[in-house]
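Notebook open. I want to go through this model one element at a time and write down what I look up.

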Amino acid sequence: MAQRKPTKLAHSAVLKHILKRCSSLGKKHLGYDDDGLPLDVPKGHFAVYVGENRSRYIIPISFLSHPEFQSLLRRAEEEFGFEHDMGLTIPCEEVVFRSLTSMLR
């Protein structure tokens, strides 16, 4: 059976789910505002965890529209799903992630 290619609407729904999940992770912890957003993450950005050591990176939301970054999100979904406690974890080496994000800026 052939797999259908996800539509832009499906991508949009997945991205909204990711952002909602990321913004709701620490609602009752120190370092978060009343809306549950991390105080150290500027508006228009979100945090991801990358690599074996789960290093934290703050990246612009605009990265979500890039196909290369969407590919990383699909890999993250396949490996970790959306229901885990670590935050949005990107399954790739840090050097690869830094290289990709430097090209997207």
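I started with Ile 90, which is buried at a relative accessible area of 1%; buried means under 20%, exposed over 50%, and partly exposed in between, with a 1.4 Å probe and protein chains only. Ile 90 sits in strand β3. I looked up its contacts, meaning heavy atoms within 4.5 Å. Leaving out residues up to four places away in sequence, Ile 90 touches Val 48, Tyr 49, Val 50, Gly 51, Phe 69, Leu 72, Leu 73 and Phe 97. I also checked Ile 90 against Glu 52: they are 38 residues apart in sequence and 9.9 Å apart in space, C-alpha to C-alpha.

Before going on, I noted the ground rules. This is a predicted model, in which local features need pLDDT of at least 70 and side-chain atom pairs count only at pLDDT 80 or more, while totals for chains, interfaces and linings use all residues. Residues are numbered from 1 along each chain as its sequence is written, and side-chain values use heavy atoms, with hydrogens and water left out.

Confidence next. pLDDT is the predictor's confidence in each residue, from 0 to 100. I find a chain average of 78, with 65% of the residues scoring at least 70. Strand β2 (residues 55-60) has the highest mean, 93, and helix α1 (residues 8-23) the lowest, 62. Helices (H or I, at least four residues) and strands (E, at least two) are DSSP runs, numbered from the N terminus. Over residues 24-28 pLDDT stays under 50, and the model has five contacts for them beyond four places in sequence.

Then the sheet. In which order do the three strands lie? I read β2-β1-β3, an open sheet with mixed pairing. Its edge strands are β2 and β3 (89-90), each pairing on one side only. Two strands pair if DSSP finds at least two bridges between them. For β1 and β2 I have six bridges, in the antiparallel sense. Val 48 has Tyr 57 in β2 as its bridge partner, and Val 50 stands opposite Ser 55 in β2.

β1 and β2 make a hairpin with four residues between them. Gly 51 in the turn has a positive phi of about 85°. Arg 54 lies in the loop between these strands. Its phi is also positive, about 55°, although Arg 54 is not a glycine. I logged Arg 54 as partly exposed, at 32% relative accessibility.

On to the core. A nonpolar core is a set of buried Ala, Val, Leu, Ile, Met, Phe, Trp, Tyr and Cys residues joined through side-chain atoms within 4.5 Å. The largest one has 16 residues, and Val 48, Ile 59, Phe 69, Ile 90 and Phe 97 touch the most other members. β1 (45-50), β2, α2 (67-80) and α3 each give two or more residues to this core. Ile 59 has contacts with Gly 44, His 45, Phe 46, Val 48, Phe 69 and Phe 97, again not counting residues up to four places away.

Which rings cluster through ring pairs? I list Phe 46, Tyr 57, Phe 63, Phe 69 and Phe 97. Rings of Phe, Tyr and Trp (its six-membered ring) pair if their centres lie within 6.5 Å. The count comes to four aromatic pairs.

Last stop, Thr 101 in helix α3 (residues 94-104). Thr 101 is buried, at 7% relative accessible area. A polar atom of its side chain lies 3.2 Å from the backbone oxygen of Arg 98.

Key:
A polar contact is a pair of N or O atoms within 3.5 Å; within protein, one must be able to donate a hydrogen and the other to accept it, and residues adjacent in sequence count only if both atoms are side-chain atoms. Rings of Phe, Tyr and Trp (its six-membered ring) pair if their centres lie within 6.5 Å; planes under 30 degrees apart count as stacked, over 60 as edge-to-face and the rest as tilted.
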